[in-house]
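This report goes through selected parts of one structure, from its aromatic rings to its ligand. The sequence and the structure come next.

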Amino acid sequence: MPALILHEYAASGNCYKIRLTAAHVGAGLERREYDIMKGETRSPAFLAGVNANGRIPVLQIGDRLLPESNAACAWLAHGSALIPADRFDHADMLRWMFWEQYNHEPNIATMRFYRVYVGMDNLSDEQRAGVPGRIRNGEAALDLMEEHFAAHDFLAGGRFSLADICLYAYTHTSREGGFDLDRWPAVTRWLARIAGEPRHVALED
Ligand SMILES: N[C@@H](CCC(=O)N[C@@H](CS)C(=O)NCC(=O)O)C(=O)O
């Protein structure tokens with residue numbers, strides 16, 4: 001295995017999901033921290049040398065750079081039991097991971113970012129205008145997961161997969177985003193199931 005470096009902001013769920021995947025497959029990661037609150041991922045050096053998109057996480061694999069959290073997780077999990085062998089189950093796992101990036105993370109993670117890191121009093125007019133939609137869409141995302149977990153223990157293929165890791169990362173921080181998980185008991189039970197998996201590591205680890 002080539003040397004692996006995770007360029008990250010440790011508190012980010014997108015970075016945590018890569019550390020969690022690495023823990024599950026037994027891969028060691030060197031960690032390099034960038035303070036996104038100080039714009040460290042927007043410096044000319046970062047843009048030229050790490051990610052032209054100005055964001056973490058980036059997984060460095062030897063001398064190659066792989067931005068986008070779910071792509072980095074997929075690289076780490078390749079060939080492991082986290083990836084369903086069945087063709088439909090594999091695609092269904094990807095379905096949840098794409099859904100996470102479009103319907104879940106932009107609402108639940110962004111509300112956490114606003115409340116915990118920026119502060120609701122410090123939002124720009126544009127950010128403030130988007131808040132009701134992010135709350136509504138975050139609740140809808142949790143409703144969809146609740147409906148799924150009423151009938152399933154895991155997201156795809158009837159067993160623990162990479163989709164569960166990628167969705168766990170920000171779902172377990174929902175309360176910090178203002179989403180009261182008491183409203184979603186099946187989601188809460190799934191969170192406990194994922195946290196109980198052997199090799200699980202916490203966001204703070
Ligand atoms: N789709 C990307 C999202 C990356 C992202 O939004 N990163 C945020 C932190 S979670 C960031 O780097 N923000 C700093 C900035 O935009 O300047 C992924 O999944 O990796």
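## Aromatic rings

Phe149 counts as buried, at 7% relative accessibility; buried means under 20% relative accessible area, exposed over 50%, and partly exposed in between, with a 1.4 Å probe and protein chains only. This is a predicted model, in which local features need pLDDT of at least 70 and side-chain atom pairs count only at pLDDT 80 or more, while totals for chains, interfaces and linings use all residues. Residues are numbered from 1 along each chain as its sequence is written, and side-chain values use heavy atoms, with hydrogens and water left out.

Eight aromatic pairs are found in a search of the whole structure. Rings of Phe, Tyr and Trp (its six-membered ring) pair if their centres lie within 6.5 Å; planes under 30 degrees apart count as stacked, over 60 as edge-to-face and the rest as tilted. Tyr34 and Phe46 form an edge-to-face pair, because their ring centres are 5.0 Å apart and their planes stand at 75 degrees. Tyr34 lies in the loop between strand 2 (30-33) and helix 2, and Phe46 in helix 2, so the pair ties together parts that are 12 residues apart in sequence. Helices (H or I, at least four residues) and strands (E, at least two) are DSSP runs, numbered from the N terminus. Tyr34 and Phe46 are both buried.

Phe149 and Trp190 make a stacked aromatic pair, with 4.7 Å from centre to centre and 20 degrees between the planes. This pair links distant parts of the chain, since Phe149 is in helix 5 (residues 125-149) and Trp190 in helix 7, 41 residues apart. Trp190 is buried, with 0% relative accessibility. Tyr16, Phe149, Tyr168 and Trp190 are linked by ring pairs into a cluster.

## Helix 1, helix 4 and Lys17

The axes of helix 1 (residues 13-25) and helix 4 come within 11 Å and cross at roughly 115 degrees. Axes are lines fitted to C-alpha atoms, for helices over the stretch in contact, and angles run from 0 to 180 degrees between N-to-C directions. Helix 1 contributes Gly13, Asn14 and Lys17 to the contact, and helix 4 contributes Glu100, Gln101, Glu105 and Arg112; contact means heavy atoms within 4.5 Å. By class, this contact of helix 1 with helix 4 has no nonpolar, three polar and four charged residues. Ala, Val, Leu, Ile, Met, Phe, Trp, Tyr, Cys and Pro count as nonpolar, Asp, Glu, Lys and Arg as charged, and the others, Gly among them, as polar.

Leaving aside neighbours within four places in sequence, Lys17 is in contact with residues including Ser69, Cys73, Glu100, Gln101 and Ile165. The side chains of Lys17 and Glu100 are joined by a polar contact of 2.9 Å. A polar contact is a pair of N or O atoms within 3.5 Å; within protein, one must be able to donate a hydrogen and the other to accept it, and residues adjacent in sequence count only if both atoms are side-chain atoms.

Asp92 is in helix 4 (residues 87-118) and is buried at a relative accessible area of 14%. Not counting residues up to four places away in sequence, Asp92 touches Leu155 and Ala156.

## The ligand

The ligand is surrounded by 13 residues, and the closest are Arg42, Ile56, Glu68, Ser69 and Gln101. A residue is near a molecule if one of its heavy atoms lies within 4 Å of it.

| Residue | N or O atom in | Ligand atom | Distance |
|---|---|---|---|
| Thr41 | side chain | oxygen | 3.5 Å |
| Ile56 | backbone | nitrogen | 2.7 Å |
| Gln101 | side chain | nitrogen | 2.7 Å |

## Backbone features

Most residues other than glycine have a negative phi, and most peptide bonds are trans. The peptide bond from Ile56 to Pro57 is cis, with omega near 5 degrees. Pro57 lies in the loop between helix 2 (44-49) and strand 3 (58-61).

Glu68 is a residue other than glycine with a positive phi, near 80 degrees. Glu68 sits in the loop between strand 4 (64-67) and helix 3 (69-77) and is partly exposed, at 44% relative accessibility. Arg199, not a glycine, has a positive phi of about 80 degrees. Arg199 belongs to the segment after helix 7 (185-195) and is exposed, with a relative accessible area of 53%.
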